[in-house]
Amino acid sequence: LLDTLSAVLQQPPGFISDLPESSDLDLIESVTETIPADHEILLLGIGGSSLGTLALIDALCPEDASRLTVLDNIDPDTLAKTLATLDLELTTVLVISKSGGTAETTAQLLWILDAFTKAGLSSRDHVVAITDPEKGCLREVAQQQGWRSLPVPSAVGGRYSVLTAVGLLPAALCGIDIRALVNGAKSALENLRSATSDHALVRWLSGWRLLHDRCPNVVHFAYRDRMVTLGDWFAQLWAESLGKRFDLDGNEVFRGSTPMVARGVTDQHSLVQLFVEGPADKQFLMLDADLPSTLGTISDESAQLHEDFNYLSGKSIEELRVAELEGTVAALQSAGRPVSVVRFEALDEAHLGAWILLMKVATVMAADHLKVDPFDQPGVEGGKAVAFARMGKAGWQSRGEAIESGARSLKPAPAIRVD
């Protein structure tokens, strides 16, 4: 594994080689300053264009987070409800697409542009585009319309892009210290350069690799609500990077490692039954963080309402939370399930930036073990091809038809009527 890590660092992927420098952060902050402080922020993006931002916002819980609305789906009901709540004159839209041609994001953009036009507003004053620095239709439109824009480095794919303008601009707009985020990532990177077999990441990957054939799936089990969305970000990174039909030699292998997101203590009352007594095919990554608690202890008076409540007298909610975490870890381990516990000394920008960098490196190293390409996503492209063909996009008809012809049946399941 140390050889693999050394190879990754010697020929670094884009998410390492293009970590923002001070000048890049200056540019992001200059765009931030052009957006009025009283504007709501509407983020249009999907997958890697939104999950990282949501993870940052939820984990760090900045005071200004309420100004951000993320639209990462195209359910018309949600879009209509969102539009009904927006004061368009006091709204700035961040449209994010690395390729510039993401169908869902494009549809969202055209929908909101129509709304601006009907309201008599100029998109030039309300839209910021984050996309490829040189190519793609979104880059062309941004230049034509005179929109403010920021680049996504060409060598950084969407699911690896949270520490670029993709995640850093919305984070800055919500009061997050983006320089501390990036510095945390760079600090973790420097630690990796001198890593030995005792480094936590190397130890975790060693265990994952050893157990992968028997336990190919990874459960991201966060015991802080603020860390649950971090699991959603990890799930895309891990699944889309490792789940591949073909290996690097072109052999059909159908390899991967399925991520699952769980929330403690809530899922102790649902998923843990499966985790402890179901198939022994999962590894567990338990996340916790040291956070100050403002809650006091439960009073004797309240605890004496019933004799079964007495054990909670003088105890805090935090004590119970920790006991639940430790109890779940013990239950999983006693059932022979592999468990790793990660505890953040603080849930702040520096620690979060470090964790994000480490999980990206872990993903690339896991891909090396599976002998798959961690940077493509051909399985995702198939669904896009069919959608483009059905919507009449030029150049996609034959590919879409070829994929549909291979489907067993395209007939929808019969509707269930509720009278």
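**Exercise 1. Determine whether Glu318 is buried, partly exposed or exposed, and identify which side chain it meets across 94 residues of sequence.**

Solution. Step 1: the relative accessible area of Glu318 is 24%. Step 2: with a 1.4 Å probe and protein chains only, buried means under 20% relative accessible area, exposed over 50%, and partly exposed in between. Glu318 therefore counts as partly exposed. This is a predicted model, in which local features need pLDDT of at least 70 and side-chain atom pairs count only at pLDDT 80 or more, whereas totals for chains, interfaces and linings use all residues. Residues are numbered from 1 along each chain as its sequence is written, and side-chain values use heavy atoms, with hydrogens and water left out.

Step 3: Glu318 forms a salt bridge with Arg224 at 3.3 Å, N to O; the term requires a side-chain nitrogen of Lys or Arg within 4 Å of a carboxyl oxygen of Asp or Glu. Step 4: Arg224 sits in the loop between strand S6 (217–222) and helix H11 (228–242), while Glu318 belongs to helix H14 (residues 317–334), so the contact ties together parts that are 94 residues apart in sequence. Helices (H or I, at least four residues) and strands (E, at least two) are DSSP runs, numbered from the N terminus. Step 5: Arg224 is buried, at 11% relative accessible area.

**Exercise 2. Find which residues are linked with Glu318 in a network of salt bridges.**

Solution. Step 1: Arg321 also meets Glu318, at 2.9 Å from N to O. Step 2: these two residues are three apart in helix H14, and are thus separated by about one helical turn. An α-helix has 3.6 residues a turn, so residues three or four places apart point the same way. Step 3: Arg321 is buried, with 13% relative accessibility. Step 4: the network links Arg224, Asp288, Glu318, Arg321 and Arg343. The count of salt bridges comes to 16.

**Exercise 3. Characterise the contact between Asp225 and Arg263.**

Solution. Step 1: their side chains form a salt bridge of 2.8 Å, N to O. Step 2: Asp225 lies in the loop between S6 and H11 and Arg263 in strand S9 (residues 259–263), so that distant parts of the chain, 38 residues apart, are linked. Step 3: Asp225 is partly exposed at 49% relative accessible area, and Arg263 is partly exposed at 35%.
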